[in-house]
Amino acid sequence: MALTGRRRALSEHAFSPYDDELYAAAPYVARRRFLTVTAAAAMLAFATNRPARGATAAPELDAARISADPFTLGVASGDPLPDSALIWTRLAPEPFAEDGGLGRERVVVHWEVAVDERFALIEQRGTATAHPEYAHSVHVDVKGLMPGSHYYYRFRAGSWISPTGRTRTAPATGRAAGAVRLAAVACQAYQDGYYTAHRHLAREDVDVVFHLGDYLYEYPVDAAGGARRYNDRTLPGVFNRETITLADHRLRYALYKSDPDLCAAHARHPFVVTWDDHETENNYAGALDENGGSPERFLVRRAAAYRAYWENQPLRAEQLPQGPDARLYRRLAWGSLAQFDILDTRQYRSDQAYDDRPHAPGPESDDPARTLTGAAQERWLLDGWRNSGALWHVMPQQVCFSRREFGLTAPARVSTDAWDGYRASRDRVVAGVKAAGIDNWMVLTGDVHVGYAFDIKDDFDDPRSRTLGTEFTCTSIASGGNGSEKPADWDTYMRANPHMRHYDGRRGYLRVELGRAAARVDFRTVSSVTLPGGTVSTSASFVTEVGSPGLLPA
């Protein structure tokens with residue numbers, strides 16, 4: 001979802017050697033899927049600046065020489081599997097310096113995983129290398145853990161010890177777990193307010209957090225932190241420009257991850273992350289930027305954004321980008337209770353119809369060749385449903401799936417950036433749900449900066465048609481400022497969309513419990529984000545029963 005801001009000239013940005021190499025390859029990138037030889041050359045160029053081995057490897061820094069705390073960006077874990085947990089950190093004793101204060105040297109980092117918070121019972125320990133080519137980030141896939149168990153982890157570099165993180169593994173494959181508690185969050189524009197929702201989320205009793213995109217925003221952040229209106233610090237000028245280069249993105253992640261409330265949420269819960277648009281650029285579509293620039297130059301920007309995203313998130317090596325491409329869609333399971341199909345609705349989509357303006361559905365948007373997910377991801381999703389034995393099927397993704405009409409007069413305008421702008425693509429997904437015989441389908445959505453609850457109808461034109469599943473949008477952590485309980489369009493939206501059962505325009509997150517008999521969803525709402533210290537409350541709760549899709553007030 002767009003906020004504010006204008007494109008800034010590329011010449012205003014400092015470029016790293018990696019960025020220079022990408023731009024040299026740019027003329028070949030847009031054609032790389034069609035010209036095999038040039039594709040290989042372009043991909044080779046995009047793969048440069050990976051950690052080297054042997055004599056060409058970066059020199060090693062004696063960690064004992066690190067004179068300031070390198071764990072300023074905290075710790076995190078993600079994507080819990082039955083036998084493993086991915087733990088993350090990024091060394092940055094000077095987080096707002098382009099090199100994090102560590103230059104071009106690699107650092108050996110020690111890690112420990114224990115079954116207790118005091119680390120009296122160490123389960124596993126080892127070392128990993130923080131490479132300068134990866135912005136001194138560390139991703140450790142700790143294997144051989146017990147299913148359905150909690151663990152504590154920490155890192156050490158020289159004499160410095162990181163904060164302690166808490167993570168967990170998923171239940172054993174096929175195990176009939178009784179329940180899973182999760183949260184869903186999205187859209188955390190730093191300049192729009194404090195991460196009050198993350199502070200409260202860190203205190204929730206949940207098993208896993210799904211971040212549905214817009215982890216950061218590309219727009220400038222001024223010296224006062226925008227709506228945060230800092231009077232105790234002055235942010236450096238490197239943040240007061242749009243993120244375009246790899247260096248820009250690394251610095252912006254350092255700003256976001258320096259926030260103590262975000263650090264607390266990451267340290268307390270494993271996260272499952274997926275991106276939307278702002279991690280790269282507002283409303284981009286595949287290889288196309290929002291302003292009609294050249295695809296080859298935009299793919300260079302996308303490569304930098306994707307690289308920095310992986311470096312700064314608890315993701316496994318399978319998600320490491322290859323130039324401007326990354327396989328972020330993936331599947332996780334919680335025993336036999338739930339299957340989570342995490343989607344990427346940005347990287348493979350067709351361009352938005354009608355110049356990305358609100359528009360009534362028409363021939364351009366309804367072209368059956370158009371796709372939001374791309375053909376390969378769509379096949380993967382539908383095949384995964386056909387082969388699943390899970391009770392619940394949860395689809396964490398980015399943009400509104402259900403129909404959302406903006407007016408009462410037909411034909412009403414809809415968002416051409418959401419599934420409403422790709423109705424044939426949505427119809428194929430709905431057909432897949434029905435063909436697979438899925439009874440308990442839940443869609444978790446970010447992007448829109450408000451909290452919605454929808455019944456997903458077989459025919460949105462007929463409110464009496466069969467309800468196939470439910471959709472919940474998780475509002476935003478900060479994007480959009482404080483918001484209001486009933487925005488100006490509240491009455492219009494509720495009347496125009498009878499399948500919309502709830503609409504709240506304030507900030508917060510979703511808390512969800514999936515059980516064997518029913519699911520309960522709570523909309524957790526914070527009182528303010530433009531001032532620190534806001535409170536949290538439950539503004540609405542819904543239940544959907546197993547085998548009987550549809551929303552009931554809790």
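Hi everyone, and thanks for coming. Before anything else, please keep in mind that we are looking at a predicted model.

Let me start with the whole chain. It has nine helices and 22 strands. The radius of gyration comes out at 23 Å, close to the 24 Å that the globule rule gives for 554 residues, so the chain is as compact as a globular protein of that length.

Now, how is the chain packed? Buried residues make up 60% of the 554. Among contacts with a separation of 6 or more, 71% come from residues 24 or more positions apart.

Let's go inside. The largest nonpolar core has 78 residues, and the members that touch the most others are F340, M442, L444, F472, L510 and L514. Helix α6, residues 295–311, gives the most to this core, with six residues. Apart from it lies another core, of 31 residues, including L381, M395, Y422 and V429.

Beyond four places in sequence, its contacts include H393, V394, M395, F472, L514 and V521. T470 is on the contact list of M442 as well, so let's hop over there.

Where does T470 sit? Its place is in strand β17, residues 467–473. T470 is buried, with a relative accessible area of 2%. Leaving out residues up to four places away, it touches W441, M442, V443, F454, D455, I456, T544, G550 and L551.

Is T243 buried or exposed? It is buried, and its relative accessible area is 0%. Once neighbours within four places are set aside, T243 is in contact with E218, D248, H249, R252 and R301. For those of you who like distances, T243 and E281 are 38 residues apart in sequence and 8.6 Å apart in space, C-alpha to C-alpha.

Which peptide bond is cis here? The one from A410 to P411 is, with omega near -5°. P411 has its place in the loop between β14 (392–397) and α8 (423–436).

Then there are two positive phi values to look at. F119 is not a glycine, yet its phi is positive, at about 60°. This residue lies in the loop between β3 (107–114) and β4 (122–130), and F119 is buried, with a relative accessible area of 8%. D356 has a phi near 60°, again a positive value in a residue other than glycine. You can find D356 in the loop between β13 (338–342) and α7 (375–386). D356 is partly exposed, with a relative accessible area of 25%.

How values were computed: Residues are numbered from 1 along each chain as its sequence is written. This is a predicted model: local features need pLDDT of at least 70, side-chain atom pairs count only at pLDDT 80 or more; totals for chains, interfaces and linings use all residues. Side-chain values use heavy atoms; hydrogens and water are left out. A nonpolar core is a set of buried Ala, Val, Leu, Ile, Met, Phe, Trp, Tyr and Cys residues joined through side-chain atoms within 4.5 Å. Buried means under 20% relative accessible area, exposed over 50%, partly exposed in between (1.4 Å probe, protein chains only). Helices (H or I, at least four residues) and strands (E, at least two) are DSSP runs, numbered from the N terminus. Contact means heavy atoms within 4.5 Å. The radius of gyration is taken over C-alpha atoms; the globule rule is 2.2 Å times the number of residues to the power 0.38.
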